[in-house]
Amino acid sequence: MSVNPATKLRQMLAEPGIIVAPGIFDGISARCALEAGFQCLYQSGAATTASRLGQPDLAIMTLNDFVDTARVVCSLDPQMPIIADADTGFGGPLMVARTVTQYHRAGLAGLHIEDQVQTKRCGHLTGKQIVGRDEFVTRIRAAVTARDSIPGGSDLVIIARSDSTDMDEAITRLKLAGDARADICFLEAVRLIDDLQRTVKALAPKPVLYNAVTGGVSPSVTVKEAEAAGVKIIIFPLISAVSMVHVIRSALKSLKETGTDQFFEVMGLKEAIEIDAKVGASAFNTL
């Protein structure tokens, strides 16, 4: 495999089997995913917004916010393919081009750009509004052109995402995006497994990405089920963030009730002091 993350992602796409990418949003979550042995990661827009700003996914994050996080997570293993949310591209064609360039420089392997209006929201919330087909295709064309114009070349993977709630319209848009040379298609908030299978079939041979959002509107599917449906990449954007929220809440509840974080006690502090004292040492008499 190539040491270049974007090239490596393309090589993975060309091989049999599904690519599983857990959601990350900072250095700790990325470290944990690397330790777990995953071969591809996903920088989640919703999770990154929550982590950096403590806000919901409502077009609050800027390009600079996303790129700052991308630099951190990409630096931990420069060979690891990481796909990142790029929202709408953060503006018109010139801004889309700048987004692609900045993501490339940060070391990302791929990004997805959607067809929501600039005041977008998480794809699993209601009330979404989308731009016209032409504007969406222009975004994709701008992304591809910018990628192809990077000095020295770039294998950055461009993923087209449609948030249309009309299946026929979404498939049409993704076909147009594919014609504009998007590398992968991504139909957001699929509500039925049959719709997912239909999407894969309609867009073949373009690879399809499936978004398995914790608590989202899409059906909960296993990696094996997604692969059986023909999905090439499955992302779990909130797997780290939701877990972290539960653990932090539990720890803080314990602190409130007991008055101690008990961290060192759990780590065996009492036993260590006893051993130290038993052998006649006194290094830890006072802690």
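This report describes the fold, strand pairing and selected residues of a predicted model.

Residues are numbered from 1 along each chain as its sequence is written. In this predicted model local features need pLDDT of at least 70 and side-chain atom pairs count only at pLDDT 80 or more, while totals for chains, interfaces and linings use all residues; side-chain values use heavy atoms, with hydrogens and water left out.

**Overall composition**

The protein contains twelve helices and eight strands. Helices (H or I, at least four residues) and strands (E, at least two) are DSSP runs, numbered from the N terminus. The C-alpha trace spans about 75 × 40 × 35 Å along its principal axes. Of the 287 residues, 47% count as buried, where buried means under 20% relative accessible area, exposed over 50%, and partly exposed in between (1.4 Å probe, protein chains only). The accessible surface is about 14,100 Å², and carbon and sulfur atoms hold 56% of that surface; the areas come from the Shrake-Rupley method with a 1.4 Å probe, and for residues only the protein chains shown count as cover.

Among contacts with a separation of 6 or more, 69% come from residues 24 or more positions apart. A contact means heavy atoms within 4.5 Å.

**The barrel**

The eight strands close into a barrel in the order β1-β2-β3-β4-β5-β6-β7-β8, with parallel pairing. From one strand to the next the twist averages 25°. Axes here are lines fitted to C-alpha atoms, for helices over the stretch in contact, and angles run from 0 to 180 degrees between N-to-C directions. Two strands pair if DSSP finds at least two bridges between them. Strands of a sheet pair through backbone hydrogen bonds, either parallel or antiparallel.

| Strand pair | Bridges | Sense |
|---|---|---|
| β6 (residues 184-187) and β7 (residues 208-211) | two | parallel |
| β7 and β8 | three | parallel |
| β1 and β8 (residues 233-236) | four | parallel |

Individual residues mark these pairings. C185 has V208 in β7 as its bridge partner. I233 in β8 stands opposite L209, and I233 is also the bridge partner of I19.

Strand β7 is covered on both faces: V208 and Y210 on one side, and L209 and N211 on the other, are all buried. Helix α2 (residues 27-36) lies across β1 (19-24) and β2 (41-43) and runs at about 150° to β1.

D183 sits in the loop between α7 (167-179) and β6. D183 counts as buried because its relative accessibility is 17%. Apart from neighbours within four places in sequence, D183 is in contact with R10, R147, L156, V157, I158, K206 and P207.

L269 belongs to helix α12 (residues 269-278). L269 has a relative accessible area of 29% and is therefore partly exposed. F284 is 15 residues from L269 along the chain, and their C-alpha atoms are separated by 9.8 Å.

**Charges**

The mean positions of the 29 positive and 32 negative charges are 3 Å apart. Lys and Arg count as positive and Asp and Glu as negative, while His and the chain ends are not counted. Each charge is placed at NZ of Lys, CZ of Arg, CG of Asp or CD of Glu.
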